Amino acid sequence: MDALKLRRTPLRTAFTKAVNHLQEIIENDPLDMNAVETAFEQLKVKSAKLKEVEDAVLELMIESNCTQEAYNIEFEAIEGYAEKMIAWQVRVKNIMKTDALGQKGNHSVVTSSSSSLRLPKIQFQQFSGESDAKCIICSKLPLRSGLETESASVENSTIASSSSSNVLTNQACTSEVLLQTLVIVLQNGNHKSLVRALIDTGSQKSYILKSTAENLGFKYEGEEEFIHSLFGGSKTKMYRHKCYKICLTDIDNYYTCNLNVSDQEIICNDVPSIRHGPWTNELKNKKNNLSDSGHNFGGKIEILLGADIAGKLYLLY
């Protein structure tokens, strides 16, 4: 630990110097964009080296069972450097964009004043978005060109307003990717509740929405602290979660499963259910019943089934 912190000190100093150097270049008039790009690339290299050592320090703190307070203090100090790097990325990006627009404006002035050629006017044909191509799923609806929806309720989408376009309607086809969702029954004594669950084998643990656990009166059996590793390699602070043992069944009461879960304030954003259509009837005819279809849960996910239980559920079913 001491060796890593010894390595980190000059790296933090070098990072700060690189920031100050970049600041001096930007304040120069006229602005030298080549110098800005060079200084920014140097800053990125120093930031990457610093992040590597910072991550190693956090890992060692976890392995040494440090206190949460000590970890949080270290984490916040490290985040300060990361946030400073993000701020400079945005600032340099905006400077380069402004410079590019300025060069474009200057170029247009020169060409307009030095040339008197009259070029033919180019006309572009308007495309209404309609097509004779048929949907490969329902064979009725016209295919959309280059537009995708982010949820099943496309009529509520804010991507485009209905006053300017009628492309995003509830009759339009969708290219959304459906996730592994299902409807299950949570039971605690005489208390039962129908909830939506999401199977996520990328999660090592299973979770229950904190409000759901409290509403059903589950008694927690203990607490544990751990850090969440997120997409992109970033990590959260150390959080404390209550641990529960819950019982769930499928809506047909075909199987029952007891599992350990941790509580979480918010599991994820709304996840769309499977919309009813010819595909659902075809699956039903082949004896593949979809539990997460025809309900009105508003996209809410209350249970996340991680890799610790997903395999067992597959075998049970």
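Which side chain meets that of R240 in a salt bridge? The partner is E225, at 2.7 Å from N to O, a salt bridge being a Lys or Arg side-chain nitrogen within 4 Å of an Asp or Glu carboxyl oxygen. This is a predicted model, in which local features need pLDDT of at least 70 and side-chain atom pairs pLDDT 80 or more, while totals for chains, interfaces and linings use all residues. Residues are numbered from 1 along each chain as its sequence is written, and side-chain values use heavy atoms, without hydrogens and water.

R240 lies in strand β5 and E225 in strand β4 (residues 222–229), 15 residues apart; helices (H or I, at least four residues) and strands (E, at least two) are DSSP runs numbered from the N terminus. R240 is exposed at 52% relative accessible area, whereas E225 is partly exposed at 33% (buried is under 20%, exposed over 50%, partly exposed in between; 1.4 Å probe, protein chains only). Strand β5 also holds K235, 176 residues from its partner E59 in helix α2; the closest N and O atoms of that salt bridge are 2.0 Å apart.

Now to helix α2 itself. Because they are four residues apart in the helix, about one helical turn separates D55 and K51. Buried residues of α2 include V36, F40 and L43.
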